[in-house]
Amino acid sequence: MTKITKICCIGAGYVGGPTMTVIAKKCPHIKVTVVDLNEERIAAWNDPDTNNIPVFEPGLSEVVAEARGRNLFFSTAVDEAIDEADMVFISVNTPTKTYGAGIGQAADLKWIELCARQIARVSKTDKIVVEKSTLPVRTASAIKDILTHTGSGCKFQILSNPEFLAEGTAIEDLNAPDRVLIGGDSTEEGKEAMQALVDIYANWVPRERILTTNIWSSELSKLTANAFLAQRVSSINSLSELCEKTEADISEVSRAIGTDSRIGPKFLKASVGFGGSCFQKDILNLVYIARSYGLQEVADYWEQVIIINDHQKKRFANEIIRTSYNTVNGKKIAFLGWAFKKDTNDTRESAAIYVADHLLFEQAKITVYDPKVQESQVYGDLDYLRSRDPQENRFGVKVTSDPYEACKDAHAIAILTEWDEFKTYDWQRIYDNMLKPANVFDGRNLLDVEKLKAIGFQVKSIGTA
Ligand SMILES: NC(=O)c1ccc[n+]([C@@H]2O[C@H](COP(=O)([O-])OP(=O)(O)OC[C@H]3O[C@@H](n4cnc5c(N)ncnc54)[C@H](O)[C@@H]3O)[C@@H](O)[C@H]2O)c1
């Protein structure tokens, strides 16, 4: 039986960091080393003040404080950590390709291949290699190919163990996952490798929640799970537009259908659109894979989820313009929220970025407040789009650490993230300091509409007439 005593995880990002922290906490007998090429990121993970770690997740800094230096280590010494480990997790980024074949759709597997080559190069003992990153179905065969041609004589088993945590609730999700999925080969060695990983999770996850499958099912299940989740958001968002035309109320429709046990209540909240690093990337990847097998109808079906999401962001921005007498030129629009969802500092693919971009084309002046996102991140996100010169982004957008300052003298307020603190603000004070009519565009259906209307605000929510 393979007994794991040392784990290495390549990639200290939003998945590698929290996932390994929880494994280290639950398995004090295993040494867990998380490595990354990004020196700044590793230095932040090692910051003596755990409030400064690079990933904000409720409860994470406390667990890092408990396990770091005991059996949890963050390091840039990638080769050493791989070499000493019995099990190596690959948790590096797999973004959408920005060049060449499959541009804008396929997953860029450059970093995955680099990891496989590095593991092949430095390993002096047999290892189990675990795909933690989200990967196109059949990636394991490429990794295996690279690892079996090393000539070192070392044996490698490849497992797929996709991560289902949601940012914002990562620690909760890791402590009590709905399920853990492990895919591997059906050979004796494959089964033994799967068992070794099952044994790690079994330290805290009930055995019946640890599912084992063949490796291709495991790889494809992760893309499928994200596609289904995003599809629910786009489904409800598509109907929010119909509600606005018909005086139906999307929150009432959501409640009515969500109480059907076959449908269930989760992921039925209408909003300005989904964001995050995964949903769009994974669906595009699914679309690309389907097309590459000639499955045109399958590809078109899933692509529609993205089309509706883009439409929802654009229509939110257009509503702000329309209500502002068809021009936002020179008008101050306050953005409350920039992160793609509450309780995270992650802004990747956040709806706020695209709404801001649209309004900047119309010469709006935007002021952003987000409790966890830094000014440099906001500018970085806008510059990344390459819609205009970086100086123009800095001219059009200001970032402040005071929400009242953000809203002062604004023509309109747009809620882009569902941070709880927005509900607790002194909205009378905000109203008094705004230009009139004072418009609030609630892209998250977060605020108490009746209360705001009583103060004097004009409020536009998603999915109500
Ligand atoms: N973010 C999520 O909520 C989430 C959830 C489930 C799955 N995933 C998947 O997990 C994977 C990682 O996502 P993430 O959000 O943690 O990404 P991330 O960008 O936050 O982190 C990836 C890290 O890997 C490092 N890296 C890249 N190549 C490296 C190499 N050769 N050696 C050492 N370090 C290297 C990068 O420097 C970066 O710090 C992706 O495939 C993603 O789709 C993400």
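This note walks through a predicted model, from overall build to single residues.

1. **Ground rules.** Numbering starts from 1 along each chain, following the sequence as written. The model is predicted, so local features need pLDDT of at least 70 and side-chain atom pairs count only at pLDDT 80 or more, while totals for chains, interfaces and linings use all residues.

2. **Overall build.** The protein holds 18 helices and 14 strands. Both are DSSP runs numbered from the N terminus: helices are H or I with at least four residues, strands are E with at least two. The radius of gyration is 24 Å, close to the 23 Å that the globule rule gives for 465 residues, so the protein is as compact as a globular protein of that length. That radius is taken over C-alpha atoms, and the rule is 2.2 Å times the number of residues to the power 0.38. Along its principal axes, the C-alpha trace spans about 75 × 50 × 45 Å.

3. **Burial and contacts.** Of the 465 residues, 46% count as buried. Buried means 20 or more other C-beta atoms within 10 Å of the residue's own; exposed means 12 or fewer; partly exposed lies in between, with C-beta atoms placed from the backbone. Take contacts between residues at least 6 apart in sequence: 75% of them join residues at least 24 apart. A contact here needs C-beta atoms, placed from the backbone, within 7 Å.

4. **Two domains.** Domain 1 covers 6-205 and domain 2 covers 279-461. These bounds come from an automatic or database domain assignment. The domain centres, taken over C-alpha atoms, are 33 Å apart. Domain 1 gives 15 residues to the contact and domain 2 gives 14. On the domain 1 side, 8 of the touching residues are nonpolar, 5 polar and 2 charged. In this scheme Ala, Val, Leu, Ile, Met, Phe, Trp, Tyr, Cys and Pro are nonpolar, Asp, Glu, Lys and Arg are charged, and the others, Gly among them, are polar.

5. **Nonpolar cores.** The largest core has 70 residues. A core is a set of buried Ala, Val, Leu, Ile, Met, Phe, Trp, Tyr and Cys residues joined through C-beta atoms within 7 Å. Among those with the most contacts inside the largest core are Ile333, Val355 and Leu416. Helix H13 (residues 351-361) supplies the largest share, 8 residues. A second, separate core has 61 residues, including Val63, Val92, Ala116 and Leu197.

6. **Ligand shell.** The ligand is surrounded by 27 residues, and the closest are Gly11, Gly13, Val15, Ser133 and Thr134. By class, the shell has 13 nonpolar, 10 polar and 4 charged residues. Its largest share, 3 residues, comes from helix H5 (residues 110-122).

7. **Phe89.** This residue lies in strand E4 (residues 87-90). Phe89 is buried, with 29 other C-beta atoms within 10 Å. Beyond four places in sequence, Phe89 contacts Ile7, Cys9, Ile10, Val130 and Lys132. Gly11 is 78 residues from Phe89 in sequence, yet their C-alpha atoms are 8.6 Å apart.

8. **Backbone points to check.** Most residues other than glycine have a negative phi, and most peptide bonds are trans. The bond from Lys436 to Pro437 is cis, with omega near 0°. Pro437 sits in the loop between helix H17 (427-432) and strand E13 (439-442). Asp343 has a positive phi of about 65°, and so does Asp409. Asp343 is in the loop between strand E9 (332-336) and H13. Asp409 is in the loop between helix H16 (403-407) and strand E12 (412-415). Are these two buried or exposed? Asp343 is buried, with 20 other C-beta atoms within 10 Å. Asp409 counts as exposed, with 11.

9. **Arg207 and Leu211.** Arg207 is in the loop between helix H8 (188-201) and E8. With 8 C-beta neighbours inside 10 Å, Arg207 counts as exposed. Leu211 lies in strand E8 (residues 210-214). Leu211 is partly exposed, with 14 such neighbours. Leu211 touches Arg179, Val180 and Leu181, not counting residues up to four places away in sequence.

How values were computed
Contact = placed C-beta atoms within 7 Å. Near = placed C-beta within 6 Å.
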